[in-house]
Amino acid sequence: MAAQKINEAHEHIAKAEKCLKTSLTKWKPDYDSAASEYAKAAVCFKNAKQFEQAKDAYLKEAEYHTENKTLFHAAKAIEQAGMMMKEQKKMPEAIQYIEKACMMYMENGTPDTAAMALDRAGKLIEPINLDKAVDLYQKAAGVFENEDRLRQAAELLGKASRLLVRLKRLDDAAVSLQKEKNMYKEIENYPMCFKKTTAQVLIHLHRADFVAADKCVRESYSLPGYSGSEDCVAMETLLQGYDEQDEDQVYRVCNSPLLKYMDNDYAKLSISLRVPGGGGKKKKAAAAPQGGASGAPAPADEDDDYEGGLC
């Protein structure tokens with residue numbers, strides 16, 4: 001089967017080369033037909049799992065589409081070449097081809113296709129290179145933002161924000177979250193603004209910047225429905241506990257369903273939050289009788305339940 005497909009591929013390449021030849025009666029190469037034959041050859045190579053040869057055929061297809069000034073089809077072919085690199089586990093090369101395709105989509109006047117391709121590239125590279133994934137998601141968000149498609153832009157920024165938290169780039173995460181929140185505010189998705197405020201507070205407290213955390217909550221009072229909401233009360237309680245070094249109060253908020261069931265990266269920020277100068281999660285754990293054998297294991301059990309339930 002594979003051998004048959006490879007033979008078919010070579011037949012299509014031979015036809016493509018014939019399309020490119022000129023003669024006394026044919027003054028110009030037939031780039032359109034050549035591109036079509038190389039596309040068929042690429043599919044045959046792909047079906048035969050000859051991914052390197054498939055990549056080369058897709059690049060030839062792209063070359064002749066470019067000669068024919070059909071940039072959209074050229075970009076599609078280059079993107080497919082990238083996917084052939086992915087099949088060979090050559091992710092950096094795959095991403096390079098996809099980024100090149102995105103530039104051609106933009107040049108062709110199809111920015112939505114470019115943004116979606118950047119999003120796909122981000123998903124591909126995320127398991128092996130978080131920093132590159134952040135860059136791709138931010139670029140995709142920028143394209144959507146330029147097209148005034150703020151919901152899609154905010155969703156992509158959300159991906160970038162979560163990865164920045166995972167990378168412990170908290171300063172960058174704070175900036176990204178603020179931009180995300182501004183977009184949701186502009187499209188009047190206020191419940192999402194509330195969630196972003198909660199994430200901001202957790203990030204700023206991990207940055208040991210209580211003033212910035214408090215400012216995020218105060219600024220959110222202007223959002224319709226925020227004041228007195230579950231999100232608002234939780235953040236006011238958390239900030240009060242943090243400011244007063246009340247470990248028990250901070251523990252209760254961080255272990256509440258509101259924070260426990262946030263996106264995983266933010267939930268981890270919640271369970272790892274410590275008050276300044278605090279020695280443990282709860283005051284009662286720190287103050288437990290040290291001499292009593294029956295009292296000693298309880299805090300450890302609480303710790304296990306706390307961490308296991310949130311991870």
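**Close-up views of a helical protein model**

**Figure 1. The end of helix 4 and the residue that follows.** Lysine 89 comes after helix 4 and has a positive phi, near 65 degrees; helices here are DSSP runs of H or I with at least four residues, strands are E runs of at least two, and both are numbered from the N terminus. The model is predicted, so that local features need pLDDT of at least 70 and side-chain atom pairs count only at pLDDT 80 or more, while totals for chains, interfaces and linings use all residues. Residues are numbered from 1 along each chain as its sequence is written, and side-chain values use heavy atoms, with hydrogens and water left out.

**Figure 2. The whole protein.** The protein contains 17 helices and 0 strands. Of its 311 residues, 45% are buried (under 20% relative accessible area with a 1.4 Å probe and protein chains only; exposed is over 50%, and partly exposed lies in between). Contacts (heavy atoms within 4.5 Å) between residues at least 6 apart in sequence join residues at least 24 apart in 58% of cases. The protein exposes about 16,000 Å², and 51% of this area is supplied by carbon and sulfur atoms.

**Figure 3. Helix 4 and its surroundings.** Helix 4 spans residues 71-87, which are 17 residues. From its first C-alpha to its last, helix 4 reaches 25 Å, close to the 24 Å expected at 1.5 Å a residue (the expected span is 1.5 Å times one less than the number of residues). The buried residues of helix 4 are Leu71, Ala74, Ala75, Ala77, Ile78, Glu79, Ala81, Gly82, Met84 and Met85. The cover over these buried residues includes helix 2 (31-47) and helix 3 (51-67), together with helix 5 (91-108) and helix 6 (111-125).

**Figure 4. Helix 9 and the helices packed against it.** Helix 9, residues 170-186, has 17 residues and reaches 24 Å from its first C-alpha to its last, close to the 24 Å expected. Leu170, Ala173, Ala174, Ser176, Leu177, Glu180, Lys181, Met183 and Tyr184 are the buried residues of helix 9. They pack against helix 7 (130-146), helix 8, helix 10, helix 11 (210-220) and helix 15. After helix 9 comes glutamate 188, with a positive phi near 60 degrees.

**Figure 5. Glutamine 200 within helix 10.** Helix 10 covers residues 190-206 and includes glutamine 200. This glutamine is buried, because its relative accessible area is 1%. Once neighbours within four places in sequence are set aside, the contacts of glutamine 200 are Leu177, Gln178, Lys181 and Cys216. Among these, Leu177 and Lys181 also belong to the buried residues of helix 9.

**Figure 6. Histidine 10 within helix 1.** Histidine 10 is placed in helix 1, which covers residues 2-20. With a relative accessible area of 42%, histidine 10 is partly exposed. In sequence, 31 residues separate histidine 10 from alanine 41, yet the two lie 6.8 Å apart in space, C-alpha to C-alpha. Apart from neighbours within four places in sequence, histidine 10 is in contact with Phe45 and Gln53.

Notes: Areas by Shrake-Rupley, 256 points an atom, 1.4 Å probe, with all protein chains shown as cover.
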